[in-house]
Amino acid sequence: MMNEMNTWQRLGLNSQLTNKLAEEQIMAPTGVQEQAIPLMLEGKDLSVRSQTGSGKSLAFLLPLLQSIDLSSDNIQAIVLAPTQELAMQLVRVAELYAQVLPVRVQQLIGGAALKRQVEKLKLHPQLIIGTPGRIAELLKLRKLKLTTVKHVVIDEADQVFQLGSSKDVESVLFACSRERQTAFFSATYPEQMSKFEQRWMKQPDKVMISPSQRIPQTVENFYVVCEQRNKLDTARKLLRMIKPAQALLFLNDTEFIANWESKLKYEGFTAETLYGDADKQRRASTLGRFKEGKCQLLLATDVAARGIDIDSLPLVLQLDPAPDADHYVHRAGRTGRMGRSGTVITIVTPQELFIMNKFRKQLGIDLEEKMMFKGKLLSSSEINEWRRGNERVANYEQGRSLERRQGEQKSAIASKQTSPKREADEKKIKGQAKQQPAKPTAARSLTKAQLKEKKKKDNKNKGAPRWLKDKQNAQD
C-alpha cells in the first residue's frame with residue numbers, strides 16, 4: 001500500500017488526500033490523472049482529452065481542493081458542468097475528499113431553489129460546482145462575486161460550448177480573476193475547441209490520452225437493421241431476448257421520448273424518461289430510481305445522459321444512431337466502465353447503414369450487423385454456420401435412414417429367394433396327403449343286410465338298461 005501512496009504523493013498530492021484515496025481503495029492513478037494532476041498543481045492552463053470513465057473528475061478535483069487557501073473565506077475555484085446530473089456527481093465526489101482538508105463546497109445548479117442557494121452563499125463556500133445558466137443568473141442578480149476565483153475548470157467542455165450556453169460561460173469567465181488558471185476536460189475534441197482555447201487560455205498544455213480504441217475493448221458493438229416503422233417492435237424483441245437488468249435508451253429528438261415511453265410501458269417494461277429541461281427534483285428522482293434498479297429502461301437524449309454513472313450498466317440501446325462519432329463515444333461510455341463488460345446496440349434503417357460504416361472507420365471498432373435468429377443475436381456468418389451444422393445433421397440422419405431402407409430391401413430380397421423351396425415342400429406334403437387312402441370305418445365294413453339287422457336290434461333294445469345293452473353287444 002505504501003508504494004501506491006507514494007505514487008500519488010509523487011504527483012504532488014498531500015498526505016490527507018492520499019490517505020483518503022487509500023481509504024476509498026483507489027490505489028494507483030490512471031493515465032489522465034498521472035499527467036494532469038502535476039500540471040494542475042503548477043497552476044498551468046490545461047486542455048485535457050480522455051475517454052469517458054478514465055478518471056477525469058479526480059484529475060481536476062484533487063488538485064483544485066489542495067490549491068484552496070483554507071485561511072480565506074473567498075470563492076477560489078469554480079467547476080462548470082453541462083448538466084445537472086454531472087454537476088451533482090462532481091459535487092458528491094468533491095465533498096467526499098473536501099472533508100479531510102477541510103474545504104467548503106457548494107453546488108449552484110439550475111432547477112434548485114434559487115433563494116436557498118443564495119442563503120447558502122452566506123456560508124462562504126471556497127469551491128463552487130454548478131451549471132453555467134444558474135451561475136450566470138446569480139451573477140446577473142449580483143448575488144455572487146467571482147473576482148477572487150483563481151481556478152476555473154470546465155468539465156465536458158465540448159458539450160458546455162455546444163449547448164447554446166456559450167454566453168453564460170463567457171459571463172462566468174469574464175467575472176473571474178484575469179490571473180486565473182483555466183482548464184478544459186472532455187472525452188472528445190471537436191475542431192472548434194481550439195478556438196475556445198485561443199480565446200480563454202494562455203499557452204495551454206495539452207494532455208491527449210488516445211488509447212488504441214476510444215471505446216473500451218470490453219464493450220461489444222452491434223447494429224440491427226429494420227425499417228423506421230418497425231423500430232419499436234425491433235426494440236421490444238431485442239429487450240425481450242437479451243433481458244438486461246437495466247438499459248439506457250438513446251433518442252436524438254426529445255419530442256419522441258414521451259411516445260416511446262408510453263409504448264414501452266404498454267409492452268410491460270418499467271420505463272422512465274430523462275428530459276434536459278425537466279426540473280431538478282424530477283430529474284434527480286428519476287435518475288435515483290434508475291440507479292437503484294427500480295426502473296429497467298431509461299430513455300434519454302445525449303444532453304440529459306451526461307453525468308449518468310452506473311457502475312454495471314449492461315446495455316446501451318440506440319434507438320437512433322448517434323449524430324457523430326464523438327456522440328457515439330459518449331453514449332458507449334455509459335456502459336463497460338472501469339474495465340467492466342457492456343454492450344452497445346444501434347437500431348438503424350437501411351438508409352442509415354452508411355453511418356455505421358463511418359463509425360467503424362473513425363473509431364476503429366468491430367461494428368458488425370446482427371440479426372435475431374432462433375432466440376439469439378447472431379451475425380450472418382454465425383447464422384450460416386448454424387445452417388451448415390443443421391445440414392450436416394440432416395444429411396447424417398438422411399444417410400442413416402437410407403441405410404435402414406437398404407437393409408430392409410436386402411431382407412425382402414433374401415426372403416423372396418428362399419420362398420420357392422418352402423412352396424415346393426408344402427406341395428409335396430399336400431400331395432402325400434391326397435395319395436394316402438382313407439381308412440374304412442366300422443360302418444363301411446358291414447354289408448347292407450347286416451346293417452339292416454343291426455338297426456333292427458338297436459331299435460329293439462332302445463330303452464333297455466345299460467347292462468343289457470352291453471350283454472347284447474358282447475354276444476354279437
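Is Thr346 buried or exposed, and what is its relative accessible area? Thr346 is buried, with a relative accessible area of 0%; buried means under 20% relative accessible area, exposed means over 50%, and partly exposed lies in between (1.4 Å probe, protein chains only).

The model is predicted: local features need pLDDT of at least 70, side-chain atom pairs count only at pLDDT 80 or more, and totals for chains, interfaces and linings use all residues. Residues are numbered from 1 along each chain as its sequence is written, and side-chain values use heavy atoms, with hydrogens and water left out.

**View 1**
Helices (H or I, at least four residues) and strands (E, at least two) are DSSP runs, numbered from the N terminus. The side chain of Thr346 makes a polar contact with the side chain of Gln318, at 2.8 Å. A polar contact is a pair of N or O atoms within 3.5 Å; within protein, one must be able to donate a hydrogen and the other to accept it, and residues adjacent in sequence count only if both atoms are side-chain atoms. Leaving aside neighbours within four places in sequence, Thr346 is in contact with Phe222, Tyr223, Val224, Gln318, Pro321, Tyr328 and Met356.

**View 2. Strand S2 and its partners S4 and S5.**
From strand S2 (residues 77-80), Ala77 and Val79 point one way and Ile78 and Leu80 the other way, and all are buried. Two strands pair if DSSP finds at least two bridges between them. Four bridges join S2 to the parallel strand S4 (residues 127-130), where Ile129 stands opposite Val79. Four bridges also join S2 to S5 (residues 151-155), again in parallel. In S5, His151 is the bridge partner of Ala77, and Val153 stands opposite Val79.

**View 3. Strand S5 and its pairing with S6.**
Five of the five residues of S5 are buried. His151, Val153 and Asp155 are on one side of S5, and Val152 and Ile154 on the other. S5 pairs in the parallel sense with strand S6 (residues 181-186) over five bridges. Ala183 in S6 stands opposite Val153.

**View 4. Helix H2 and its two ends.**
Helix H2 spans residues 15-23, and its buried residues are Leu17, Thr18, Lys20, Leu21 and Ala22. At the N-terminal end, Asn14 caps H2, with a side-chain oxygen 3.3 Å from the backbone nitrogen of Gln16. Just after H2, Gln25 takes a positive phi of about 65°.

Conventions. Contact = heavy atoms within 4.5 Å.
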